[in-house]
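Visitor: I would like to learn how to read a protein structure, one feature after another. Could we go through one together?

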Amino acid sequence: HMKGAIFDLDGVIVDTAKYHYLAWRSLAGELGFPFTEQDNERLKGVSRMRSLDILLEIGGLEYSEAEKLAMAEKKNHLYVEYISGLDESELLPGVRAYLNALRARGVAIALGSASKNAEFILEKLNIAGLFDVVIDGNKVARAKPDPEVFQSACRELGLEPQDCVVFEDAEAGVAAGKAAGMQVVGIGKPEVLKAADLVISGLHEL
Ligand code: B16
Ligand code: MG
């Protein structure tokens, strides 16, 4: 019996991956190497600094921590410029209807995202008011597959793990939800999200 629903952001609520891609590609271009959409798949659900490490590994480049912080800052600046244009029309199919249906059933709703821009994105999509709790990249120390983000969301909702269901599109996120002792609905392909309890293609299916 689900008392709380915890949603990942990118890939579940909105496709921000395409804007992350444009920003990372621009940084790679400045550094002098190509960065493909296939490469970008490796960054989904991964924290900003870990994403940069993967990008630099693809380019075969090494930099100091200070240089990397400056690069991450630059990428984020560009990314924020792209997502400043977000609006409700970019909500993935079925999102608003499902969130409203959960609220009508009395299910508490939380966000559990790695992004430090999560609050800004929820505002842009005009759905911030539908969330009882928001746990994002500013509030957790350990990235998925560590369960911290979902445990923290569950605790703030005042619920027990077994009462919460996680909605995730990334393998590491599904693993995090299972490690937290929660039921996990995978959004994507069953071949990839093997550890999920159920896999659907999007919230419009529910
Ligand atoms: P930011 P999620 C993740 O969002 C993205 O999937 C990932 O590509 C991104 O690097 C990460 O957020 C951090 O985002 O740079 O905005 O802090 O899927 O956990 O909602
Ligand atoms: Mg995601």
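Visitor: Leaving aside its neighbours within four places in sequence, which residues is Ala176 in contact with?

Guide: Please keep in mind that this is a predicted model. Once the neighbours within four places in sequence are set aside, Ala176 is in contact with Lys144, Pro145, Asp146, Pro147, Val149 and Phe150. One of these, Val149, is 27 residues away from Ala176 along the chain, and the C-alpha atoms of the two are separated by 8.2 Å.

Visitor: Where does Ala176 lie, and is Ala176 buried or exposed?

Guide: Ala176 belongs to helix H8, which covers residues 171-179. To judge burial we count C-beta atoms around the residue, and 20 or more within 10 Å make it buried. Ala176 has 28 such neighbours inside 10 Å, and therefore it counts as buried. Across the protein, 37% of the 206 residues count as buried.

Visitor: How should I read the sheet, and what is the order of its strands?

Guide: The general idea is that strands of a sheet pair through backbone hydrogen bonds, either parallel or antiparallel. In this structure an open sheet of 6 strands runs in the order S3-S2-S1-S4-S5-S6, and the pairing is parallel. Strand S3 (133-135) and strand S6 (198-200) stand at the edges with a single partner strand each, so one side of each has no neighbour in the sheet. From one strand to the next, the twist averages 20 degrees.

Visitor: Over how many bridges do strand S1 and strand S4 pair?

Guide: Strand S1 (residues 4-7) and strand S4 (residues 164-168) pair over 4 bridges in the parallel sense, and Ala5 stands opposite Val165 in S4.

Visitor: What pattern does the protein follow along the sequence?

Guide: The protein has 8 helices and 6 strands, and, read along the sequence, they follow the pattern β-α-α-α-α-α-β-α-β-α-β-α-β-β.

Visitor: What radius of gyration would a compact globule with 206 residues have, and what does the protein have?

Guide: A compact globule with 206 residues would have a radius of gyration near 17 Å, and the protein has 17 Å, so the value agrees. Along its principal axes, the C-alpha trace spans about 50 × 35 × 30 Å.

Visitor: Which residues come nearest to ligand 1?

Guide: Of the 20 residues around ligand 1, those that come nearest are Leu9, Asp10, Ser113, Ala114 and Ser115. Sorted by class, the shell around ligand 1 holds 5 nonpolar, 10 polar and 5 charged residues.

Technical notes
Residues numbered from 1 in each chain as written. Chains lettered and ligands numbered in written order. Predicted model: local features only at pLDDT ≥ 70, side-chain atom pairs only at ≥ 80, totals over all residues. Near = placed C-beta within 6 Å. Nonpolar A, V, L, I, M, F, W, Y, C, P; charged D, E, K, R; others polar. Pairing = 2+ DSSP bridges. Helix = DSSP H or I, 4+ residues; strand = E, 2+ residues; numbered from the N terminus. Axes fitted to C-alpha atoms, helices over the stretch in contact; angles between N-to-C directions. Buried ≥ 20, exposed ≤ 12 C-beta atoms within 10 Å, placed from the backbone. Contact = placed C-beta atoms within 7 Å. Rg over C-alpha atoms; globule rule 2.2 N^0.38 Å.
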